[in-house]
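Subject: Structure handover

Hi,

Here is the structure for you to look over. My notes follow below it.

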Amino acid sequence: MKYSDPKEFYIKLGKRIRSFREAQELSQSELGYNADLDKSVIQRLEMARTNATVKTLLKIANGLDITLSVLCNIEEEKKPINNEQYKP
């Protein structure tokens, strides 16, 4: 998954959060409670009005009882990472 515009990622992420929440028939308040976050954080993320920290995304994933990679739709790395390719 590659995005040149971070806003595009946050819009898609917000839709995914809402989809998972609605599939579990949770209100924003209930997800907030499960994730130990305020309802307003859930609202702003679903509407792509704020950027999420990894900590917040982990809390939401835990609140939805899914993994962070499922929430973000991150594909698992199939082969070992060659550290040489990431050196400047």
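A nonpolar core here is a set of buried Ala, Val, Leu, Ile, Met, Phe, Trp, Tyr and Cys residues joined through side-chain atoms within 4.5 Å. Buried means under 20% relative accessible area, exposed over 50%, and partly exposed in between, with a 1.4 Å probe and protein chains only.

Two caveats. This is a predicted model, where local features need pLDDT of at least 70 and side-chain atom pairs count only at pLDDT 80 or more, while totals for chains, interfaces and linings use all residues. Residues are numbered from 1 along each chain as its sequence is written, and side-chain values use heavy atoms, with hydrogens and water left out.

Overall layout. The protein has five helices and zero strands. Helices (H or I, at least four residues) and strands (E, at least two) are DSSP runs, numbered from the N terminus. Of the 88 residues, 31% count as buried. The accessible surface comes to about 6500 Å² (Shrake-Rupley, 1.4 Å probe; for residues, only the protein chains shown count as cover). Carbon and sulfur atoms hold 49% of that surface.

Contacts. Contact means heavy atoms within 4.5 Å. Among contacts with a separation of 6 or more, 52% join residues 24 or more positions apart.

The core. The largest nonpolar core has 20 residues. Which of them touch the most other members? They are Leu13, Ile17, Ile60, Leu64 and Leu71. H1, H2, H3, H4 and H5 each give two or more residues to this core. Leu64 touches Phe20, Arg21, Gln24, Leu26, Leu31 and Leu71, leaving aside residues up to four places away in sequence.

Helix H4. H4 spans residues 54–64, and its buried residues are Thr56, Leu57, Ile60, Ala61, Gly63 and Leu64. Seen down the H4 axis, they fall within an arc of 160°, so they line one face of the helix. The arc is that of the directions from the helix axis to the C-beta atoms. Val54, Lys55 and Asn62 are exposed on the other side. The buried residues of H4 pack against H1 (6–23), H2 (28–35), H3 (39–46) and H5 (68–72). After H4 comes Asp65, with a positive phi near 60°.

Aromatics. The structure holds one aromatic pair (ring centres within 6.5 Å; planes under 30 degrees apart are stacked, over 60 edge-to-face, the rest tilted; for Trp, the six-membered ring is used). Phe9 and Tyr10 form this edge-to-face pair, at 5.5 Å centre to centre and 75° between the planes. Tyr10 is buried, with a relative accessible area of 17%.

Best wishes
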